[in-house]
Amino acid sequence: ELLRLQAARILVSSGKLDEAGKRLDGLKGSGRFPTTYNELLGDAAMARGQREAARKAYETALTTLDQAARSRPILEMKLIDAGGKPVGQQEI
């Protein structure tokens, strides 16, 4: 599963969106890496110009990612770029 996700990431980066979509479709859901899976769905949607689909995918990815994760700010920026708004962390 991890290899398929990595292959899909490379394909998205290369602009081979149809091939990337086939790799992601082959996973049939989020499996053991839901954050990565949904982030890649969002990346592919953004590359196609489908901002609403990308927003939904990024929001889903963020729900499975720990608040303290080092990759969270990047995913939040992707969400903002897609027209979404990240949920702020509560102040203590």
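Glu39 is buried, with a relative accessible area of 14%; buried means under 20% relative accessible area, exposed over 50%, and partly exposed in between, with a 1.4 Å probe and protein chains only. The residue lies in helix 3. Helices (H or I, at least four residues) and strands (E, at least two) are DSSP runs, numbered from the N terminus.

The side chain of Glu39 makes a polar contact with the side chain of Lys78, at 2.6 Å. A polar contact is a pair of N or O atoms within 3.5 Å; within protein, one must be able to donate a hydrogen and the other to accept it, and residues adjacent in sequence count only if both atoms are side-chain atoms. Leaving aside neighbours within four places in sequence, Glu39 is in contact (heavy atoms within 4.5 Å) with Tyr58, Ala61, Leu75 and Lys78.

## Basis of the model

This is a predicted model, in which local features need pLDDT of at least 70 and side-chain atom pairs count only at pLDDT 80 or more, while totals for chains, interfaces and linings use all residues. Residues are numbered from 1 along each chain as its sequence is written, and side-chain values use heavy atoms, with hydrogens and water left out.

## Packing of helix 3 against helix 5

Two packed helices are described by the angle between their axes and the distance between the axes. The axes of helix 3 (residues 34-48) and helix 5 (residues 72-81) come within 11 Å and cross at roughly 35 degrees. Axes are lines fitted to C-alpha atoms, for helices over the stretch in contact, and angles run from 0 to 180 degrees between N-to-C directions. Helix 3 passes helix 5 in a left-handed crossing, that is, the near helix is turned anticlockwise from the far one by less than a right angle.

Helix 3 contributes Thr35, Glu39, Asp43 and Met46 to the contact, and helix 5 contributes Leu75, Lys78 and Asp81. By class, two of these residues are nonpolar, one is polar and four are charged. Ala, Val, Leu, Ile, Met, Phe, Trp, Tyr, Cys and Pro count as nonpolar, Asp, Glu, Lys and Arg as charged, and the others, Gly among them, as polar.

## The chain as a whole

The protein chain has five helices and zero strands, and its elements run α-α-α-α-α from the N terminus on. Its radius of gyration is 13 Å, close to the 12 Å that the globule rule gives for 92 residues, so the chain is as compact as a globular protein of that length. The radius is taken over C-alpha atoms, and the rule is 2.2 Å times the number of residues to the power 0.38.

Along its principal axes, the C-alpha trace spans about 45 × 25 × 20 Å. Of the 92 residues, 35% count as buried. Residues 24 or more positions apart account for 42% of the contacts with a separation of 6 or more.

Tyr37 is found in helix 3 and counts as buried at 10% relative accessibility. Tyr37 and Arg4 are 33 residues apart in sequence, with their C-alpha atoms 9.8 Å apart. Gln6, in helix 1 (residues 2-13), is partly exposed at 41% relative accessibility. The C-alpha atoms of Gln6 and Thr36 are separated by 9.2 Å, at 30 residues apart along the chain.
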